[in-house]
Structure formats: C-alpha cells, structure tokens
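Here is a brief report on one structure. It takes the fold first, then the interface.

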Amino acid sequence: MVSAFLRGLRISLAKPHFAIALWLATAALAAPLALPISNFLHAELNRSSDAPALVAGPGFRWWQTQRRVHPELVGNLPEKAEQIVSPTGVAGFMDFDGAQGIGAGFLGLAMLGVAAHAFLLGGIFGSLRDERGSDLVIFAREGSRRLPAFLIVTIAAAAIAVAIYHGVWWAAGKALEEYSTDLPSERAAFLLRLARLALLLLLLTFVKLAADSIRVALVERPDLPPVTRYFVGVGSAIGRLRELFSLLALFALASAALFFLWTRLSVGRAATTTGGVLLLVVAQQVFLFLRGILKVGYYAGVREVFLARATVAPTPRPPDMPRPEEEPPSPDRIEA
Amino acid sequence: MRTAPLRRAAGALLLAASAASAAPLTPPIASYRIRCRLDDSSKTVEGTELLTWRNTTSRPAASLRFHLYLNAFRNTRTTFFRESGGESRSNRFRAGGWGSISVSRVTDAAGADLTADLRYLSPDDGNPDDRTVAEIPLAAPVAPGEAIRLSIDFVSKLPRVYARSGWKGDFFFVAQWFPKIAVLEEEGWNCHQYHAHSEFFADFGDYDVAIDVPSRFKGKVGGTGRLIEESDAPGGRVIEHFRQESVHDFAWTTDPEFEVHADRFSAPGGPSVAITLLLQPEHHSVRERYFRAARTALAAFGQRYGAYPYDVLTIVDPPWGAGGAGGMEYPTMISCGTGLFHPEGLLSPEGVTIHEFGHQYFYGLLASNEFEEPWLDEGFTTYATTRVMGEAYGDSHPVFSLFGFPIVFRSIAIRPPLDSQLRYFDTSTRDPLTASWKFEDGRNYAMVYSKTALVLSTVERMVGTKRFDAAMGDYAREFRFRHPKTEDFVAVLSRTTGRDWSDFFRRVLLSSSSLDYAVESATSVRSKGPRGLVETGGRVSEVERGQTRKGWDSEALVERRGDLSLPVEILLRFEGGKTYRSTWDGQARWKRFRVENGPRLLEAWVDPDEKLLLDADRTNNGRRTRSDAAAANLWTARAFFWTENLLDLFMELW
C-alpha cells in the first residue's frame, strides 16, 4: 500500500492549503493556552536565579515544585494523562474531573478540536471530490456542508473508542488483575497484557479506519441514501482492511520518523536568545506543517483506496449550485 | 496435629550441643530453638519453640507478653486490617487469603501448663477483636537477672502474601510467624499490636531453627543465619537447619523455582560474607546486578558504620504476584524484587537491594523501636541509601510507564538527596513525626523516610560531610546490639560536633512546621547623592537634585514564609565577580540588606549552598535584579509546541 500512501502524499503536496488549514486550526486551538502559559513562565522565571539552569536543561525539581506550589495550574491532568497508558488505565473522562487551570483549558480545547477536525476533514474530502479544482472557498464550503454528518461520525467513533478502552483496557484489566497476579511468572502476565494491548490497538485501529472510510463514503457515494452510506463505509473498511491498515501503519511510521528526526535535531538547544527562540518557533511550526502534509497524505490515501474499488462514482453536483432546470412552457402562460 | 513428635524433636534440639555454634556478639536476652514443619498444601507451619528469656530489668516479671502477628490477617476487624483497609505497600488483600497463629500449648520448665491463662491484649487501641498481642501469667515471677524457659506449641496459617508474610503458589515467605516475646523495659512491657504502618521491635538472642519441608524444596530454603545442616527425613521430606547468634528475628523463605547463586565478600575488619541469592529464573539476567549492589552496600556501609558482623547475607527475589513479600529486611536476610523489563537506568533491583541491606545496620544492629521511633530505622536507612546510591550509580532518572513497560528518561536527572525525596513536601505539614501507627495515612507515614533523610542531609551540609560521617559512624558503632533512641543519636552528634542539637531535632525533625525562605525582591539603581539640607565642609546647603554617583544602591529583601526559623546564609552577587555573604538568624519574618553606592547587584540568594533541604519552595530562593526572558520564552515556545502536538494527536485519533 506504499503506492496509495505516496499518491496521497502527492495530492497533499499538490494542495498544501489542506495542510496549512490543519496547521492553522491546531495553532488557533493551542493559542488560548499560550498566553496563560507564557504569563506564568515569565512571572516565575524572568527574575528567578533558576532561569539560566532551565535554559540549559529541563530542571526536574523546578517543574515538580511548581506543580506542587501551583496546583491550580494544571490540576491532575499530568497524572491522569500518564495513567491512561499505565497498566491500570483510567475508567473514562470522569477521571479528569481534577483538571484545573491550563489543564482544564486543554481538555476543553481538545473537545473543540474534535469538532474542528470534523470540519477540516469535510473540507479535505469534499475538495478532493470537487472537479473544479480546490481553493479555500470550496474547502470552507465543503467543510461547513459536511460538518453535521462528519461530527456524528467523529463523536460516534470517539464514543466507541472510549468504550473499547474502558472495556478492553480498564475493566478487563481490573477483572483480570487477580488472575494476572496468580500467573506463575511475570512473563505470562506480560503476554496476557500484551494480548490485551494488541486487542485494544486492533479494535481502536478498526474504529479509526471505519470512521475514515465512512467519511469517504459519505462524500463519494451521494447516490446512496444517507444511512446506507454509513454501512458502505463500514463495509469498505472491512473489505479493504489490509490496504487501510497498511496505509495507517505507513502514516504512523512516517510520523514517528518525523518525531525522531525532531528529537535528534535538538532545535531547542540553540534557543538561548530571542532570535534563537524565534527560529525555534518557526522550526516548530514547519514541523507541524509537515505533520499536516503527512496527515492529508493519509486521508487522501484512504480516498484512493476507496475509489480504487468503488463501483459507482457519480458526477458531483454541489448543492449550492443547483443545475438550472428548464421549465417546459405551460399552455396557460403562452401569450397570444 | 503433630505437636508431640515436634516437641520431642525440639527437646532433642534443646539438649543437643551444636558444634556449629558461634560465639554470640552480644549477651542473648531472648533465644529460640524452633522445630517446625511446613504443610505446603494447607499453607500452615506447625511448630514448637523453646524460648529462653532473661529479665534484664530491675523489676520482676510476673507475666510475659508475646507478639502473635499473623493474627493481623485473621479477619477484617483486626487493627491492621482496619488501619490498612486490606492494602499494604501497594498490594491488596485477596479473598480467602486469611492468616492466623494459634498457641496450642504453653509449658514452663517445671512442666506447668500455662495455656489456659493466655489472654489477648490491645494496648494501643483497645480493639477487642485484635489478637496480635498475648499475655501469659507465670506460675512464679522472673526475678531481675534470672531466665525462664518456656515451651510453646503453635500453628501458623500463612496468609496469601500481600503484607510481607505469606505464600503465593509454591513460594513461601515466612516472617512474623512464631510467638515472639516482647521487650521488657524498666517501665514495663513494650509490646505493640501489629499496625498497618509499622514495623517491629525485639530483643537480641540466638536462634536455632530446623525447618521440615517437602523434599522438592530441598536446597531452596533460605533463612536468617547459616544453614548448618540439610538432612533427609522420612516421608519424602527434608530438614533445613539454620542457626544465627545475636539477631532479633528469624524469617525464612522457600520456593522450588528459586535459582540459587552464591558470591562472597571480604573487607578488612569483618568476616568473609557468603552472599546467597535466591533468584527467580525469569530474572536470571539481573543476577550480577544484585550481587554488585550487595557488594557495594557491604563495602560502603561497612566503611562508614563498622564492618557487617555476620558471615552470611541472603537476598530473596520474590516471584511475580508476591511483591508484598519484597522490599523487606530481616536479620541477615533481605527481600528485594525487580521486574522482567527493568533497564539498568531504572536502578531496580539496585536501589531496593542497597536500601534493604542498609537495614542490616539501622534495624538489624541498631535495633530501635520501629513502632515508636520509625525514623531511626527507615529514615536513617533512606539517608544512607541515598548517599551510597549517589556515589555508586550517580543520578537517577524519571520513569514513564507505557502500558506497563518502563521508559527511562535519561535526559532528565533526579539529583539526590533533595530531588529523590520531593514527596516529603506533599505532606510536610500534615503530621509531625510520631509513633508509626499515629500517622493520618500511608502518605504521611512516608515522611518517616523522606523527612528524616532530608533532615540528616541538612545536618550533614551544616557540619560538613566528614564530621557528620564521623558522628553517624560513632552512633552506629556505639549502639550496635542495643536499642538506641533519638536522644542517643542527638547526644552522639552533639558530642562529635561540639554543639547541642537537641533543640534542632525537636523543632525540625519532630514537629510539623514548614520551612520556606524566599528572596522577595532584589533591586539595584544608580546611586544618587543626598537631597535636602546637606552639610558639606561645615556649610549647610539646600540640594534639590541629588548628584548621580558612580556606584549603585542595591537592596535585597529576604523573607521567612514558613513557621520554622533556622539560621540561613544570604549571598549577594555583584557585578565584577564580587560577592557578599551573611548569615541571618531567621527569627524575624524578614530582613532587608542594603548596599549604598557599591557595585551593581546582580542577584540575591537565600541559602545559596542548598543546605536547608527542608525548604518547601526553593524556586523562590534566588532573584535577579534584571529581568531576562530567555528561559520563559524558550519554555513558552516548547509548551505551545507540545500543546499543538497533543491537540493534533487527539484530533486525529477519531
């Protein structure tokens, strides 16, 4: 499935405004947190004698102290975020009720991000289908037009994913806790945990692939009744599981490689002056743009996979530009 | 019930003079000859002990008090269960895993049966359902200096292990398992119930223990002291015979799966120590890490606190699912623990091995009362462990668990002693250091470890490492085989350093006061001459505008924000590399430092050398006169970037 991913990447590179839109949306979502974070850090560090050490390195003690002294800053978000990927896991969103300040703000923005993402995907898939080319106007129009349906898909996928996590990781983990400790060796317990993890990842992957296929089907099969399109999407995910899974794996690998490259480059090390920080910010945003390119490449790839085996591909007919219908002359309107 | 043959065998043991006995290192007070039998299917140990106890007080003892600690696991109404809620050190009680100990017969040397007079006491909380302390009135009081011998038959039902003692599958960790006499002091019996957040207290004596186990456990039994004999017994069984002089407890373990490894350690002034490692097969790869940690500990503790006086050390690596047995200390035997995927940077099993070995000193040799002054054991050991770990392994690193697989962040350093004890500040003002069962909860009890370690590190920095090491060494050597108290340590420290530390320890260690010094402000402005009526050369003139001078007027305002006041150093750092140091007694709430027409002040520090490690917030200890946004800008950029990435990831998940 390298070819589908590469075709998707080519499309993504040919239409960089998709990646720009993704990047802008992410930056806009993160922006409300930038000011409180910045204000806090400037208030704590600008005259602090600890500041030079924090330019040089992470400063474990400084951050731990700040978290303790300012519990209102993030609340329990870091602990809970870590707990999500711990062997015990969290029961669900309710566990985050101790988030405060920036931490609670982050959670709110993440929810908003889910809605924004539905809009962005609607824009991407709708624009890719539009034969008249794609520009920001079409992108915005398609995003708005498809938002309700895409939002339903996103929310349903999120709900199913949370339910799967709750069941396979948290609840099953609790149910198997005693069985696991009764196993004769840690190796056996490890294999059991690995099996649960593999099942969790497989199910979550399928939910993701099904959601993406449904989105493509919603756009590409306007000839079908709305409810049928959902089933076609799920059927498409099942029928093309190997291709889609490979595509997602390639996307994940490419993203991981990009992150690895980022950590190797250590761009932040040079950011000891204002100019250095500006360069760092630019590099960071370029990184996010490249992430956007990969992401659009993946979604375009999903569409390619769908279309490669699609049976019907009717001509698009944008709803805001209805085809003018000729009215046959009515005998009573014919004037003598 | 097999008490009759057991009693006969124990009697034979009592009479037999053993060639393998070594000279006691201290006069015994409570010595035991125990003959016991493990029933691995019913998870019970049935035995007879012959106790020889000497009254070392000046008052006669009309009764004896015993610990029957396995009764802590008897039901949900015991004091231990009520306090712990069935959870101990991150391990939970399992349904059906109850434990208990019953005394079936007690006779004195004259053959008088004392069993019927046994009664249970709850001296700490009056809980009528707690049976962890028992009293046996004697037919005749034991006079001062006299000894008494009792024969006690008992049956111990081991719990499913979650709090130190018990079984998992074929693994047995048998601790606190026999009727054990309490400590008689001049004030009376010092005998506490088994509590959730407490350890133990006992007198020194000699132990001779023969353990009868099924033959599949042959060669896989470890215990306190030397294995002096291993002999086959009828019925497919084997008897493992241990002996150890001058210890105050006996624990043993067995598991047919144990890999048995041996090593040896020698150092000048001490016996050659045979190290036995009872290792789980799946931890085979960490064998050498265990041994290296043990040798490091033997060398470092021996050098500082006197040579390890015993010729054996047994290290137990509990199996998966029996973590509750790990991380414990018993005389000449320690239980540690590690995991399948523990990279070297995680320092596991190194940390726990060195810590538990440290208890061979601040528990094994200096047998303080862990109920009443738990810091003398756990706290002192934590301090010493931190020193040894830092010297042998350097900084540690944070660990992130990804679905149970540890990931070590090597780029972030946790620098001992302060960084590794930051948990103290979470509960610093919640409880004073008090008797172990009087803490509000387990989190507060953790102060016993962290606060003590920080206080001792503070004293070390105040008096200098060399002098402090000398004081600790004197304390450890002087009180070996005794029951030292806090005042004993303070007396040695005061003597060694030439300064009375009693007030310091009372206010700092034993109180719940908080310590926080801060530099509230630091400024430096161009100096100006005086304004107003100014006398120059005998003439008074009115000056409206002060003349700008070459120097700078600098000011630093230092505050004491906590309740606790200690003398603290102040450092003012000026342009041109000049510095000014002063010591503030810290009594008032604040102090202002002014320098007129001097060099430009760059920054002010309170406690610049990081001596007062109990300072709750060190991020306010240094302040610069000029603002520099470099660090804030850098971390803002990073925070913004990672916020974007996390949001991006969250968005694309669905």
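## Basis

This is a predicted model: local features need pLDDT of at least 70, side-chain atom pairs count only at pLDDT 80 or more, and totals for chains, interfaces and linings use all residues. Residues are numbered from 1 along each chain as its sequence is written, chains are lettered from A and ligands numbered from 1 in the order written, and side-chain values use heavy atoms, without hydrogens and water.

## Chain A

Chain A has 13 helices and zero strands. Helices here are DSSP runs of H or I with at least four residues, and strands are runs of E with at least two. The C-alpha atoms fill a box of roughly 95 × 60 × 40 Å along the principal axes.

Of the 336 residues in chain A, 45% are buried, meaning under 20% relative accessible area (1.4 Å probe, protein chains only).

## Interface with chain B

Contact (heavy atoms within 4.5 Å) links 86 residues of chain A to 71 residues of chain B. The two chains bury about 6,800 Å² between them, 63% of it from carbon and sulfur atoms. Buried area is the accessible area (1.4 Å probe) lost on putting two parts together, summed over both. In chain A, Arg47(A), Arg61(A) and Glu186(A) lose the most area to chain B, together 12% of what that side buries.

Ten salt bridges are counted between the chains. Each needs a side-chain nitrogen of Lys or Arg within 4 Å of a carboxyl oxygen of Asp or Glu. One of them pairs Arg61(A) with Asp419(B) at 2.6 Å, N to O. Helix H2 (residues 16–45) of chain A gives the largest share of the side touching chain B, 13 residues.

Technical notes:
Buried means under 20% relative accessible area, exposed over 50%, partly exposed in between (1.4 Å probe, protein chains only).
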